Amino acid sequence: MFRIEDVIEKVEKNRPEPNIELIRRAYMFSALHHRGQKRASGEPYLVHPLAVADMLAEMRLDEVSVSTGLLHDVVEDTLIDLDTLRSYFGEEITHLVDGLTKIAHISNLSKEKQQAENVRKMVLAMVTDVRVVLIKLADRLHNMRTMQFLKPEKRARISQETLDIYAPIAHRLGMGKMRSELEDLSFQNIYPEEYKRLSKEVEVRRPELDEALEKITKKIEKGLTENDVPYVEIQGRVKRLYSLWKKLKKRKLTIDQVYDLIAARIITPNDRKNCYVALSVIHDIWTPVPERFKDWIAIPRDNLYQSLHTSVIGDNGQSFEVQIRTEEMHHVAEEGVAAHWKYKEKKLGKQDEDESLDELRKTVEKLLLPLVETTDSNEDSEDFIESLKLDLYPKDVYAFTPRGKIVQLPRGSTPIDFAYAIHSEVGDTCTGAKINGRIVPLKSELQNGDVVEILTTSNSKPSRDWLNYVVTSRARNRIRHWISDQQRAESIEIGRKLLEKETEKFRISPKKMLNDDDAMKRIANEYGLGRAEDLLASIGYGKTLPRNVLAKYLGAEKFAELDPEKRKETRLETGMKAVKKFIGLGEDAIIVQGVDNLLTTRARCCNPLRGEPIVGYISLGKGIVIHNKNCRNVKQLMINRDRVVDVEWAKSDSQEIQSVKILATTENRTGMLAGITNAIAEIKTGIRDARAKISRDDKGLIEVTVEVFDKKHLDRVVTSIEQVPGVIAVERVNSN
């Protein structure tokens, strides 16, 4: 059980002249307003803010941070609002609590989007004050330690968010110890069976591993002593379960094949030359593994991490890793930015900042800058989360400019990512690249140590194809932004021409209408748009009909008087109906929300069936193309959100027939084709085509084209095929 006196004792030990009265007031305020509340475990809720405050005191953070830890849930979980909190504790603590408080429930947003908006809010807040994220990490860690009382599905959801967002943020800030615990706790909750299995495998080997580590550490101790190399401590460790599981899964290894299942760590006094001397001793004792040496001291990681890593072959032929670092480097590797934390408390009359604090702030800003660039107020929340995950991905590729500047990028990065990392204009005007003096394709993957030269021309522009192989969110967002701007400019011009053409039919001066700024803005506002350019873009995209815009401009009476069609069906509408009938799409099969009289066609790549989740994408000159929401092409097509429209299946009693291809993988034996076609016929489903062949691995591949009415009908067909003896797998085949 945590006590406030224990928290205060830690603060007094680690901070010069702390404002203890502030912490006591925060504790009393939190205790008062959380009174009567319980956690899922049945404990008083106050246990949680006390635990968070204790962690922050352990990290040697200032009394403002510790007080915020005590108060971080009062706005979210009690009747206290920010104004009340401000009146008691001032602007500084209120700003921190606000950054940690989830956005109030928004009924029109899904749970996933609300989660994304809360993460976006925290990211923006932590950039202005890094204490926001340090408090949030402490909050999340205590929740992860005590979540055994929650339902399994809730544990899995919170753990997945922790693994995707919070553990990588801890890594970004160099907080290795916290990151490790968050990852292992998340692994335990998301994959409980695999966690138990792997944990059992490691425990079975534990005596053997401990014995090997003891021999290794003793041999290192002897070697260092004989060579007069000073050291503070020699540690041995077994690889963390989550890290081990990732390696086993990614490389398809068994636990016996993992070279760094055990590792040794040498911690020397605070002189880096001791690290290099210790390295030479290690290489004298054991044979180093080629290409398994990394010098993170000479080139520190972007999260402040410094250490020498070398893999060597042990006495029994089993390789293992040795890490060598100074005492100070070890402290930073464990605690990250929190290891250096010292904050100027302007409100509390502390001393002025010194040079080291300036350096710390610059470092923190550098670490968090990519996350700021990821946040775009106009970006869809789901896209934001994906971009954030990309930015939080560990950066393992170190490339160089021709002048020797180091550029750090994620694995899989290309010269385009490199170009945008240098400057957005370099990326926009990139036409080619040289790696180590040789011209290479722009989709080439960069390797550690590559010297990259970007070739540019002033009239070059980004290509949509680049999105297929860029990795960094900075490059992806810039390319998307450029494409969006280009498409918008084209759409405004198309919209202008369409509106001019429509006004000419009514014998009205196009120039007069387009130059009537007040009228155009009024009409734009009626469509929920801000400016006349937005209205023209909407017409160009096909979201708004120029005829309807003209009706709003003229008024109903004058429009009816001048209408050349006299409300008769136009030839275009007749043609649209004919096209819909020809392609087998009922006139009212799909409803486009907020838009009428638009041609809709189903995308050939996914051929969506009635009942499946769908989304509409306006293709210039082709009407609205309907995709299955899970179609592999949707994400790339929907770069410009202005071209996305909400669509839904219309309620209809008529049953529309669609042809769908199904591929069944079977055992290679006679009668399989007959068995599958009979199973389909038994549920009264038409078959248009059926053919069979043998795969390279001696499996049967049977492709059947069936006639179905909707997704439920298709599911029945698939289930029927799966029940045929000898069928291994069944999947739907879409067109390319």
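The model is a predicted one. Its largest nonpolar core has 59 residues, and a second, separate core has 38 residues. Strand β4 is paired with β3 and with β5.

**Nonpolar cores**

- Within the largest nonpolar core, of 59 residues, the residues with the most contacts inside the core are L71, L85 and M175.
- Helix α8, spanning residues 131-145, supplies the largest share of this core, namely eight residues.
- Once neighbours within four places in sequence are set aside, the contacts of M175 are M59, L134, L137, A170, A333, E334, E335, G336 and A338.
- The second core is separate and consists of 38 residues, among them L198, I216, V238 and L261.

**Strand β4 and its partners**

- Strand β4 covers residues 308-313, and five of its six residues are buried, so the strand is largely enclosed by the rest of the structure.
- Strand β3 (residues 287-295) runs antiparallel to β4, and five bridges join the two.
- The bridge partner of D295 is L308, which lies in β4.
- Strand β5 (residues 319-326) also pairs with β4 in the antiparallel sense, over six bridges.
- S311 has E321, in β5, as its bridge partner.
- β4 and β5 form a hairpin in which five residues lie between the two strands.
- In the turn of this hairpin, G317 has a positive phi of about 90°.

**Loop residues with positive phi**

- D228 is placed in the loop between α11 (192-226) and β1 (233-238).
- The phi of D228 is near 55°, a positive value in a residue other than glycine.
- The relative accessible area of D228 is 67%, and because exposed means over 50%, D228 is classed as exposed.
- N607 belongs to the loop between β12 (600-602) and β13 (614-619).
- For N607, phi is near 45°, which is likewise positive in a residue other than glycine.
- N607 is partly exposed, its relative accessible area being 23%.

**Loop residue R507**

- R507 is located in the loop between α19 (473-505) and α20 (510-514).
- With a relative accessibility of 81%, R507 counts as exposed.
- R507 and L562 are 55 residues apart along the chain, and their C-alpha atoms are separated by 8.3 Å.

Key. Residues are numbered from 1 along each chain as its sequence is written. This is a predicted model: local features need pLDDT of at least 70, side-chain atom pairs count only at pLDDT 80 or more; totals for chains, interfaces and linings use all residues. Side-chain values use heavy atoms; hydrogens and water are left out. Helices (H or I, at least four residues) and strands (E, at least two) are DSSP runs, numbered from the N terminus. Buried means under 20% relative accessible area, exposed over 50%, partly exposed in between (1.4 Å probe, protein chains only). A nonpolar core is a set of buried Ala, Val, Leu, Ile, Met, Phe, Trp, Tyr and Cys residues joined through side-chain atoms within 4.5 Å. Contact means heavy atoms within 4.5 Å. Two strands pair if DSSP finds at least two bridges between them.
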